[in-house]
Amino acid sequence: MEVLERQYKKVRISVRNLVEFILRSGDIDTRRTGGDKREAMLAGGRIHRKIQKRMGASYQAEVPLKGMVFDEEEKLLLLVEGRADGIFEEDGIVTIDEIKGMYAEVGRFTEPAPLHLAQAMCYGHFYCQDKELEGVRLQLTYCNLETEEIRRFQVLKTAVELSEWFAGLTHEYFKWARFLKRHEETRNASIRALEFPFPYREGQRELVVSVYRTVSRGKRLFIQAPTGIGKTLSAVFPAIKAIGEGKGEKLFYLTAKTVTRTVAEEALRILRINGLCFHSVTITAKEKLCPLEKAECNPEACAFAKGHYDRVNDAVFCILQEEQEITREKILSYAGQYRVCPFEFCLDISNWTDGIICDYNYVFDPNVRLKRYFAEGNKGEYLFLIDEAHNLVTRAREMYSAVLEKEEVLSVKRIVKGKAPRLERQLDTLNKLLLAMKRECENWRLLKDVTGAAAAVMAVFAEMETFLEDFLDFEGREEVLEFYFGLRDFLNAYEYLDPHYRIYAESQSASSFCLRLFCVNPSRRLLECMKQGISTILFSATLLPIRYYRTLLTGESEDYAVYADSPFAEEHRLLMVAGDVSSRYTRRNETEYRKVADYIRAVMEARRGNYMVFFPSYQYMERVERLFDTEPLEADLLIQGQGMREEERQEFLAEFEQKREHSLAAFCVIGGVFSEGIDLKEERLIGVIVVGTGLPMVCTEQEVLKEYFEETEGAGYDFAYQYPGMNKVLQAAGRVIRTPRDRGIILLLDDRFLRRDYLELFPREWNHYQIVNRTNVRECLKDFWQECPGEPSESP
């Protein structure tokens, strides 16, 4: 059999994915909470183990099973695999047990869900084949996660019945398996012939080799690489070469922002122009794909939801035959043609592509991650490329933390009043518990345990399952749903509580109180996700210090790290640090604001051009801006507004393209939307001024971080304040000097930058800097612009 397997092309699929893909039909309808989502809760795994333990010593738990089907003509092997929750013998008959944990009332079930039964039938068929049995009993065990009430259904099936049924199931799938095999042969041939599309920049070839070696060894790599070296292509190219050699199966390019997704699309486009055959899909948020003004995924509100599953497989097969680069626009076009939900269509396409470009949350967020790849701890030969990886720290903390707001409990109680007495009582119990906690909390305090609160939340959650099933339409339903999902997040986080978490209660005002499960160090949970693939490359222009990011992103000190030098000539950049100004909170006064204004004026007058000035806050920015009302600046002022819409951001950036008689001074807030992810090359931007060290505001969250990292790393202030602040500074400064042709200046306005602890955080390319003050800064600027090649142009 092993010899035969080696002669055939192997296509692998999980039992769950096969069953769901072939047997689904009908409408999309999310008005109900959905059994599949219920069982995905981590608590479901706990109840599995509990039930399995109760069944006794003869009960075999988590039994790996697989079935193989051969296509002689195509030399194709379809391998279907999964784990049976339990196998035991009763009354001389082998029973295959499929366990589903949920918060719904299991007593309402009158028969097993068809897809659940189909999973059990697959396992029954595999076991009959393996043990040469004439038949088995299939048992579907449904268990309520709160009450532990159990409802079981049993079905007897002969081996012949199961074999015929499974043959029909896989017959439907072979069309897709054949497509995969033929495409992979074409793809791999194109990869073998693929060359790097440009001459290597300084340091770029070493970067490509490092990525290839890391992927080949199945390891993780941190890359600190300055802007301009070509990080995206340097990561994508070797990863694709490795896939072509069988060292990976699917590429995930993960980003935090839309602009970096565009960069990834462009990199693949360049490689396709050079001969690559490679299917990729960009997963876009549901809100940006939905044809409705407000997403309502049910057959009554959306014609695309009605009968979606009856048409979607044909739509997927068609787009794969005709397109390689599958973007948002193409998804919308084909979805309109086939009348299917664009978002669900997009997710289904991803099953068959070689690469997926998507947000971090589709791999890491427990509520959003793609269950078709990562549910139930499934692993695959996936390569994860994580762009702008410095953003993953904050994003991961948000994903794995949860908060319970007392005011939300009362609000939902008012909405459901008179509709669900049992739910009202549970909400009242939870509210009283939170009220008691509030009375013991003056400002904020750490807690060691919240078992009582978690039990009360679970009771409310269970009642809400039933309530939302019974009441599909009522005023305030959206708010209730939002609260329901918040409770789900709380229970999910509670199940994961470990020393990487801190629990705290905070009384923000007389009427505001919350209980938070705060994932201070997300490394363990991120690493669990990364281990579901075979290799991870994390890259950014600001992964300094590496120790900080290793600690928070993987927690593994042996992970590889590479520091790439800047490919740009040092003489094209002037880095200045002002030693006579400070943005400390205790020094924020009229005198310091005037110093900042003087520096801005000096920079604008030294050479006409476009500049960005980053301030520590909107308030600080307004105080400096006000000074120019009485002493006008010979520059056009552009001010970042709070909560700018997408079109306003585009208008803001369009100003850098305009011809103008004076300099442009764009006032922004550090850490905001214009601090990173924007690409203003050559004369579009010739200078950046950063006011302050970017330190986060002192608040409960930052103080919790500080205490935790003081205890675990002996570096509380560094981890909570200094390192995150310096990252913002480096990102803001990185807006200037984007190409070898760029010339520009960076001015850091805060005397703390001259301290040793800050100088040690400077990247290598900042080794040479000039200390300036208001007396010599103009001379310094004049010398640079005279010596630096290139003359100011008439238009940026």
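A: Start with a term: helices here are DSSP runs of at least four residues, numbered from the N terminus. The model is a predicted one.

Now the patch. Glu296, Glu408, Asp473, Glu478, Glu479 and Glu482 gather on the surface as a patch of negative charge. Helix H20, residues 477-495, gives the largest share, three residues. Asp473 sits in the loop between helix H19 (451-470) and H20. Its relative accessible area is 72%, so Asp473 counts as exposed, because the cut-off for exposed is over 50%.

Next, a helix with a contrasting setting. Helix H22 spans residues 546-553. Six of its eight residues are buried, so the rest of the structure largely encloses H22. Those buried residues are Ile546, Tyr548, Tyr549, Thr551, Leu552 and Leu553. After H22 comes Gly555, with a positive phi near 75°.

Strands of a sheet pair through backbone hydrogen bonds. Look at one pair inside the order. Strand S9 (residues 280-282) runs parallel to strand S11 (residues 355-359), and three bridges join them. For Thr282, the bridge partner in S11 is Ile357.

Terms used. Residues are numbered from 1 along each chain as its sequence is written. This is a predicted model: local features need pLDDT of at least 70, side-chain atom pairs count only at pLDDT 80 or more; totals for chains, interfaces and linings use all residues. Side-chain values use heavy atoms; hydrogens and water are left out. Patches are made of residues with over 30% relative accessible area and no salt bridge: like charges are joined within 9 Å, nonpolar side chains (Val, Leu, Ile, Met, Phe, Trp, Tyr) within 5 Å. Accessible areas come from the Shrake-Rupley method with a 1.4 Å probe; for residues, only the protein chains shown count as cover. A salt bridge is a side-chain nitrogen of Lys or Arg within 4 Å of a carboxyl oxygen of Asp or Glu. Lys and Arg count as positive and Asp and Glu as negative; His and the chain ends are not counted. The place of a charge is taken as NZ of Lys, CZ of Arg, CG of Asp or CD of Glu. Helices (H or I, at least four residues) and strands (E, at least two) are DSSP runs, numbered from the N terminus. Buried means under 20% relative accessible area, exposed over 50%, partly exposed in between (1.4 Å probe, protein chains only). Two strands pair if DSSP finds at least two bridges between them.
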